[in-house]
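Dear colleague,

Please find the sequence and structure below for your records. A short account of the findings follows.

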Amino acid sequence: MRVYLSVLKLRMNIGLQYRTAALAGVATQFFWGFITIMVFEAFYEYAAHTAPISFKELITYIWLQQAFLVFITMWFRDNELFDLITSGNIAYELCRPCELYGFWYAKLLGQRLSSAFLRCFPILIISFFLPKPYNMTLPPSFPAFLLFLSALILGLLLLVAISMFLYISVFVTLSPMGSLLVFSVLGEFFAGLIIPVPLMPDWLEKIANVLPFRWTADFPFRVYSGHIPPHDAISGIIIQLIYLVGLVWLGRAALNRVLRNVVVQGG
């Protein structure tokens, strides 16, 4: 465990050095946040029926998406791991005196934490002081905020577990871009990053509720806004834990299997 904590700390320290890139990311995320809000504002203004999520809740949902973007997106990746697999340098990783799954998991987790730490606070602070109705609001209660934090952390751990399958698949396909495209499209859509899950058609929402992606982003953000009440939030956190344990177990098994059959290329 000390090895993995050291890897996590080292990766976070490396990521915290890229402050200029983080500031550029903040500006970009504000731009996309406003664009998304204006699109949905037009949708809500001319909608024939009452939406299942209020416009106020949706705005908070969008700003949380932008603030914690690196917690919830599949396209945020570690190209170094892709290079290790496709170049043959994975042989050096196999010589490490620790489990490869835990080592990579800690590395990916630290990468996302450091990037989010640099970006989330400016976005959250500024979004609270925006003019109405474009401002972000506080959660309805302190228990709701605590449930949100729990759901957000579990969602991050769950997303890292899902992203591990992206790197594992490259052992088979040797095509990072192909695997990334499939995981990014499916992950972002069913996590509610393109269309919030409550606004999806009923049949599509049922599919999203079954897949693990929704529990990484849509669920914690709706807990924050109060759209998901506390008793349902507790049940959802239990589901997150079940998914997390199951995916970590499957990921370990899948990685061990591909490593037994790996052919190292390169010289």
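The chain contains 12 helices and 0 strands, where helices are DSSP runs of H or I with at least four residues and strands are DSSP runs of E with at least two, numbered from the N terminus. The model is predicted: local features need pLDDT of at least 70 and side-chain atom pairs count only at pLDDT 80 or more, while totals for chains, interfaces and linings use all residues. Residues are numbered from 1 along each chain as its sequence is written, and side-chain values use heavy atoms, with hydrogens and water left out.

Of the 267 residues in the chain, 49% are buried (under 20% relative accessible area, 1.4 Å probe, protein chains only). Among contacts (heavy atoms within 4.5 Å) between residues at least 6 apart in sequence, 79% join residues at least 24 apart.

The count comes to 1 cavity of 30 Å³ or more. A cavity is a set of points, on a 1 Å grid over the protein atoms alone, where a 1.4 Å probe fits but cannot get out; lining residues have an atom within 4 Å of a point. Grid points are joined across faces, edges and corners, and the volume is the space filled by probe spheres set on the points. The largest cavity has a volume of about 40 Å³. Its lining includes Thr36, Phe40, Tyr61 and Pro196. Helices α2 (19–45) and α3 (55–67) each supply at least two lining residues, and the largest share, 3 residues, comes from α3.

Key:
On a 1 Å grid over the protein atoms alone, a cavity is a set of points where a 1.4 Å probe fits but cannot get out, and a pocket is an open set with protein on both sides within 12 Å along at least five of seven lines; lining residues have an atom within 4 Å of a point. Buried means under 20% relative accessible area, exposed over 50%, partly exposed in between (1.4 Å probe, protein chains only).
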